[in-house]
Amino acid sequence: MINAPPIHRSEEENLQLFNREFVPHIDAMYNFAYKLTLDEDAAKDLVQDTYLKAFRFINSFTEGTNAKAWLFKIMKNTFINEFRKKSKEPPKIDYHEIESTYNSDEVDEDITIDLRSEAVQDLIGDEVTNAINSLAVDFRTVIILCDLEGFTYEEMSKILDIPIGTVRSRLHRARTLLKQKLSDYARKMGYVNNS
Amino acid sequence: MSSQDSNKVLFKEILPLVLDGEADENQKAFFQSQINSCPNCRLLYEQENAIKEFIKKRFVRQQPPQDLLLAIQQQIQSYFSVSKT
């Protein structure tokens, strides 16, 4: 996304483009930054770094293309390259290790939790935020991109630099883990799933 | 594996594509026929859909600090020497 041939515009035009295409996404960018870092100050720094890079490379951005996906890709790369090492995120566990762990026969792939009724949703309340935040960052990221931000698999593949097949399997693992966590919580709260 | 079982396996594979808006026409048609003919498939769809909706509704979005945009614009001005519009 950042490798498109440069387009020459005046600084004034670039600033207008920046305000028109990038600024409207600041809420989503901050939310993504917070979900990645789980820290307000780090999230603020990550958003600032992302927007500064976006401006620096604005001549590589083609107007009318997906500005939000472009910004998310810059943020993801900035997080991996600069923030992950100094953030409060616990040491990264090898993703393939996680993936193979949850591919094993010991994990119940059929786990489900019945959230169709308002009563159960109220019982679980905002535990979904805690449950998602407790996932490893790679799993957390795909849930945010897909379920919260509504990116397509193809957009996610470009943002994350992974094949679409990996997007799908990572989403599947993330959702299985999330259901496991919500199901455990519901059980702890006294709700017994009758399925 | 019976054809009913293999349909159920295929349904589970297609279900996330449908929920994520990624299914093609053939997959949508298969999905529709399964939820019409298989009560367990319908139940699974309703449960998975409820989880997705629950995430959208309850996963708290963090709001940026009010001064963040101003700080970014000031940094851009000082780093790149552009004037305010």
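Student: What pattern does chain B follow, read along the sequence?

Tutor: Along its sequence, chain B reads α-α-α-α. Chain B has 4 helices and 0 strands, these being DSSP runs numbered from the N terminus (H or I of at least four residues for helices, E of at least two for strands). The model is predicted: local features need pLDDT of at least 70, side-chain atom pairs count only at pLDDT 80 or more, and totals for chains, interfaces and linings use all residues. Residues are numbered from 1 along each chain as its sequence is written, while chains are lettered from A and ligands numbered from 1 in the order in which they are written.

Student: What radius of gyration does chain B have?

Tutor: Chain B has 23 Å, whereas a compact globule of 85 residues would have a value near 12 Å. The radius is taken over C-alpha atoms, and the globule rule is 2.2 Å times the number of residues to the power 0.38. Along the principal axes, the C-alpha atoms of chain B fill a box of roughly 70 × 25 × 20 Å.

Student: And how many of its residues count as buried, in percent?

Tutor: Of the 85 residues of chain B, 13% are buried. A residue is buried if 20 or more other C-beta atoms lie within 10 Å of its own, exposed if 12 or fewer, and partly exposed in between, with C-beta atoms placed from the backbone.

Student: Turning to the interface, how many residues of chain A are in contact with chain B?

Tutor: 35 residues of chain A are in contact with 29 residues of chain B; contact requires C-beta atoms, placed from the backbone, to lie within 7 Å. On the chain A side, the largest share, 6 residues, comes from α3(A).

Student: Which classes make up that side of chain A?

Tutor: That side of chain A has 18 nonpolar, 9 polar and 8 charged residues. Ala, Val, Leu, Ile, Met, Phe, Trp, Tyr, Cys and Pro count as nonpolar, Asp, Glu, Lys and Arg as charged, and the others, Gly among them, as polar.

Student: Which domains does the assignment give for chain A?

Tutor: The assignment gives domain 1 (11-83) and domain 2 (95-188). Each domain of chain A supplies 10 residues to the contact.

Student: Within chain A, at what angle do α9 and α10 pack?

Tutor: Helix α9 (residues 153-160) and helix α10 (residues 164-188) of chain A pack at about 100°, with axes 9 Å apart. α9(A) and α10(A) are therefore roughly perpendicular. The residues in contact include A:Y153 and A:L160 of α9(A) and A:I164 of α10(A).

Definitions and conventions
Axes are lines fitted to C-alpha atoms, for helices over the stretch in contact, and angles run from 0 to 180 degrees between N-to-C directions. Angles under 35 degrees count as roughly parallel, over 145 as roughly antiparallel, 65 to 115 as roughly perpendicular and the rest as oblique. Two residues are in contact if their C-beta atoms, placed from the backbone, lie within 7 Å. Domain bounds come from an automatic or database domain assignment.
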